[in-house]
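Reader: I'm new to this one. Could you show it to me and let me ask where the labels come from?

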Amino acid sequence: MWIRFMIPAVAIILFLLEPEFALFSPIEWNGELFYFVPRFLILYLIFLSIYYNPKRAATYGLIFGLLYDVFYIDIIGLYTVLYPLMCFLANWTNKYIHQHLTFTTILSVLLVALMELVLYIFFHHIIHFTNLAFTEFFVKRLIPSIFANLIYLMMLGWAFKYLIDARVLQKLRELS
């Protein structure tokens, strides 16, 4: 019974933890500043979309994307659109690849990289909020973010899969 509530509870916890982990950024290395952006929630939603229910993941993405827009960036609609879109892309891609944890991890990191690129294009080219050159963005933000999120997924991806599998098994028991 408690597994039913764990899926949204984990999403809430990850939503609240993202800005706390963002405080560790930037990191200085060899006199250069490197920024990493934790994307814990979207990675979790991608796992939900692949292993559990894509519509539920997109719904969570819509809700948490709106919350992210309201509380963190004050541009309503950006994350509200991107989070469900990444969930739908994960589900669509899932039809063509195997649902193995390794492939899911790689796909998740690639989708987060795509999301970061879309955000860069939006903030740099559309609303001209930043004047960060693409090479600087790529080297000092995208690559460190991908690396940090990959480490995060390597540590907790199996826990996500275990939780989602437990919920799927619970649902099957309720149906039979």
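This is a predicted model: local features need pLDDT of at least 70, side-chain atom pairs count only at pLDDT 80 or more; totals for chains, interfaces and linings use all residues.

Reader: Why are α1 and α3 called roughly parallel to each other?

Author: Helix α1 (residues 2–22) and helix α3 (residues 54–73) pack at an angle of about 25 degrees. Angles under 35 degrees count as roughly parallel, over 145 as roughly antiparallel, 65 to 115 as roughly perpendicular and the rest as oblique. So α1 and α3 are roughly parallel.

Reader: Which residues in α1 meet α3?

Author: Ile7, Pro8, Ala11, Ile12, Phe15, Glu18 and Pro19 in α1 meet residues of α3 including Tyr60, Phe64 and Leu67 (contact means heavy atoms within 4.5 Å).

Reader: What makes the pair of phenylalanine 122 and phenylalanine 123 edge-to-face?

Author: Rings of Phe, Tyr and Trp (its six-membered ring) pair if their centres lie within 6.5 Å; planes under 30 degrees apart count as stacked, over 60 as edge-to-face and the rest as tilted. Here the centres are 5.4 Å apart and the planes are at 80 degrees, so the pair is edge-to-face.

Reader: Why does phenylalanine 122 count as buried?

Author: Buried means under 20% relative accessible area, exposed over 50%, partly exposed in between (1.4 Å probe, protein chains only). Phenylalanine 122 has 18% relative accessibility, so it counts as buried.

Note on methods
Residues are numbered from 1 along each chain as its sequence is written. Side-chain values use heavy atoms; hydrogens and water are left out. Axes are lines fitted to C-alpha atoms, for helices over the stretch in contact, and angles run from 0 to 180 degrees between N-to-C directions. Helices (H or I, at least four residues) and strands (E, at least two) are DSSP runs, numbered from the N terminus.
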